Structure formats: C-alpha cells, structure tokens
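User: I would like to learn how to read charged pairs and ligand contacts in a structure. Can we work through an example?

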Amino acid sequence: IVCFIGRSNVGKSSLIKALFSLAPEVEVRISKTPGHTKKMNFFKVGKHFTVVDMPGYGYRAPEDFADMVETYLKERSNLRRTFLLVDSVIGIQKTDNIAIEMCEEFALPYVIVLTKIDKSSKGHLLKQVLEIQKFVNTKTQGCFPQLFAVSAVTFSGIHLLRCFIANVTGNLDLTN
Ligand code: GDP
C-alpha cells in the first residue's frame, strides 16, 4: 500500500489522477469543495497496488488526526511508502508539520512531494525547494532525502514519481 497524505486542496486527487492517467480503469473522484473529502478514498491499481487518499485535515485537525493514526497503525505492515504532499506555493504549514511528526513518530518511510509547481515563479519555487530540502536534511529521520516536485497540470515530475512508486512497490507495470 502506498499512502498519499496532505491538507485539503493541496492537490492529492489531481496528483493521483495524473499518476494513473495511463490506467483508465482506475476511477479517481476529485472533490470540488475544500474540506469535504472527509472519507478516505481507496484506489486499487491492478492486483498489488492501492492508493489511499487521506482526508484533508486542515479544518478538523484533532478528529482527523486520531483517525489517521489509527489507520496508519492498522495498515503499517503493508504500507510501503507515505507521500506527504506540500503545496509548493505556500510551503510547509502547521498541519504539514503534524503529518511529518506523525511519520517520524511511527518511523514510517515517507517522501515529501511538492505540488502545483506550475503556479510559482522559478525564483519562488527554488527558494521553497531549498528551504524544504534544508528542513528535510536537518530535522527529519525517516524522510526520503530527495524531494519530488510535480505539477498535475503540466505533468512535470509525474513520470519520475511514477517510476519511484513503481520501484518501491515492486510493481513496474502499474496496470498489471
Ligand atoms: P485535494 O483536496 O488535496 O484532493 O486537492 P485537489 O486535487 O482537489 O486540488 C485542489 C485544487 O488545486 C483544484 O482546484 C485543482 O485544480 C488545483 N490543482 C491541483 N494540482 C494542481 C497543479 O499541479 N497545478 C495547479 N495550477 N493547480 C492544481
């Protein structure tokens, strides 16, 4: 199992849709209203691959946090990687830190993915990448040392992330 986690509106649904645009049998529901993705969404890709889209937790942090921790512990044995999505325009927020602390506490292998990189100028994006990279290098233990920067609009970085996911799940052909 691979898990995608991030604040409401960070671009989870869009990223999952972009990642699996080559697998048309996967149905991806995009939530239109921020904060309304309260239920967890499971997407199965082929036999061995499941994507778990966690609810946005920006608006009801305590309740959602309790739910997430429980789900994490339940799925821990087959949870291969957690992808923590951070909006590249606004950077790491308080709620992102909650997720980071949770991953660190449960020693989950996780990866930070910067979303919506088409939205900021190159200068702003570079500043965010350097800042977050420094944070990862100095403040985290379980975080993958390389950031992934993606756009679900231009598809920039999507192929690399797709290969990384295929690699960590041992499933090189995602549609099989
Ligand atoms: P979720 O709540 O985390 O599932 O976020 P969504 O995938 O629903 O995206 C929230 C909003 O951000 C939507 O209006 C998307 O169109 C927009 N969005 C998502 N990804 C991107 C991106 O890569 N670039 C741009 N410009 N907008 C994006």
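User: Is D87 buried or exposed?

Analyst: This is a predicted model. D87 has a relative accessible area of 7%, and buried means under 20%, so D87 is buried.

User: Which residue does the side chain of D87 meet in a salt bridge?

Analyst: Side chains of opposite charge can pair when their charged atoms come close. Here D87 and K116 form such a bridge, at 3.8 Å from N to O. The two residues are 29 residues apart: D87 sits in strand β4, and K116 in the loop between β5 and α4.

User: How many salt bridges does the structure hold?

Analyst: Two. The side chains of E131 and K127 also meet in a salt bridge, at 3.9 Å from N to O. These residues are four apart in helix α4, so about one helical turn separates them. E131 is partly exposed, with a relative accessible area of 47%, and K127 is partly exposed at 49%.

User: Which residues come nearest to the ligand?

Analyst: There are 16 residues around the ligand, and N9, S13, S14, D118 and A152 come nearest. By type, the shell has four nonpolar, seven polar and five charged residues.

Note on methods:
Residues numbered from 1 in each chain as written. Predicted model: local features only at pLDDT ≥ 70, side-chain atom pairs only at ≥ 80, totals over all residues. Heavy atoms only, no water. Near = heavy atom within 4 Å. Nonpolar A, V, L, I, M, F, W, Y, C, P; charged D, E, K, R; others polar. Salt bridge = Lys/Arg side-chain N within 4 Å of Asp/Glu carboxyl O. Buried < 20%, exposed > 50% of the residue type's maximum accessible area, 1.4 Å probe, protein only.
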